[in-house]
Amino acid sequence: MSVALAFLGVRNWPARYGGPEGLETWCAPLYLAHTHALEDLHVFGTVEVWSADNAARLREDLPATCTLHTHDIPWGRDPDEIWAIFEAVVACLETQTQPVILDITHGFRHVPLLATLAAHYCAAAGTGRVSALTYAAMDMARDTGFAPVLDLSPQLDLFGWAGAATLFSQTGRTEAFGRPLTAMDAALRRETRGQERLAGLNQLGRALAAVSADLTALRPGSLRHRSAPALVTAATDAGVRAEVRAYAPPLAHLLDQLVAAAERAAIDGSDH
């Protein structure tokens, strides 16, 4: 079962939306309904939307296998309306039993931003998860004649990195940085049946986890002599840094901070 959340406006932009599959449609949610075989499409719009041509056209053009669910939202002109949009998106996400696609192509420009933040909130609270983020870029239609539907899903990882950075800055714990690194290595090994791996990310991820374990268990001696020096070694290695830049760009900006913290721990820790 595949589910998507999207938005709809009253204006009918003179654009065609499509991609390498060869399918072209007049709106991005309809494109997703076909390419992802959606069973449920949740569309948010103001009251004006549902009486306009776009809503009727969407109902008519959706595949018979896709159920349309409409959700009323205000314009978002003041804080009360902004929170109402947030609540509507969160309420929808919390009822989903699986990760969903979030399309931010249509609607008022500020509304998709609010929806993305709501998705971040649900992911942090563990009450709903967006697995894919899409946007159909009408301004890229000049060369091909249709607006490509871009996959912005890698940007969703920023939410996790932001949470890890917050945990590190507040507590010094680094395990939230380490988990996705070892997971990337494991995923590549599975996909290639052990033929390829990201050894540098695995080394750094394990070092980050070890530092956190020593901090949590109050093992200053182990922190000083083992885990902190191991983290410095991993985080300063040129090969490891190259893998981080390629596969975990947000972490690359924090490596120097992690090294400095580990060096302080190695100096300041005691032996008991």
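**The nonpolar core**

Visitor: Which residues touch the most other members of the largest nonpolar core?

Guide: A nonpolar core is a set of buried Ala, Val, Leu, Ile, Met, Phe, Trp, Tyr and Cys residues joined through side-chain atoms within 4.5 Å, where buried means under 20% relative accessible area with a 1.4 Å probe, protein chains only. This is a predicted model, in which local features need pLDDT of at least 70, side-chain atom pairs count only at pLDDT 80 or more, and totals for chains, interfaces and linings use all residues. Residues are numbered from 1 along each chain as its sequence is written, and side-chain values use heavy atoms, with hydrogens and water left out. Of the 29 residues in the largest core, those touching the most other members are Phe177, Leu181, Leu204, Leu231, Val244 and Leu251.

Visitor: Which helix gives the most to this core?

Guide: Helices here are DSSP runs of H or I with at least four residues, numbered from the N terminus. At least two core residues come from each of several helices, including helix 7 (175-191), helix 8 (199-216) and helix 9 (220-236). The one that gives the most, with 6 residues, is helix 9.

Visitor: Which residues is Val244 in contact with, leaving aside its neighbours within four places in sequence?

Guide: Contact means heavy atoms within 4.5 Å. With those neighbours left aside, the partners of Val244 are Leu201, Leu204, Pro249, Leu251, Ala252 and Leu255.

**The whole protein**

Visitor: What share of the residues counts as buried?

Guide: The C-alpha atoms fill a box of roughly 75 × 45 × 35 Å along the principal axes. Of the 272 residues of the protein, the buried share is 44%.

Technical notes:
Buried < 20%, exposed > 50% of the residue type's maximum accessible area, 1.4 Å probe, protein only.
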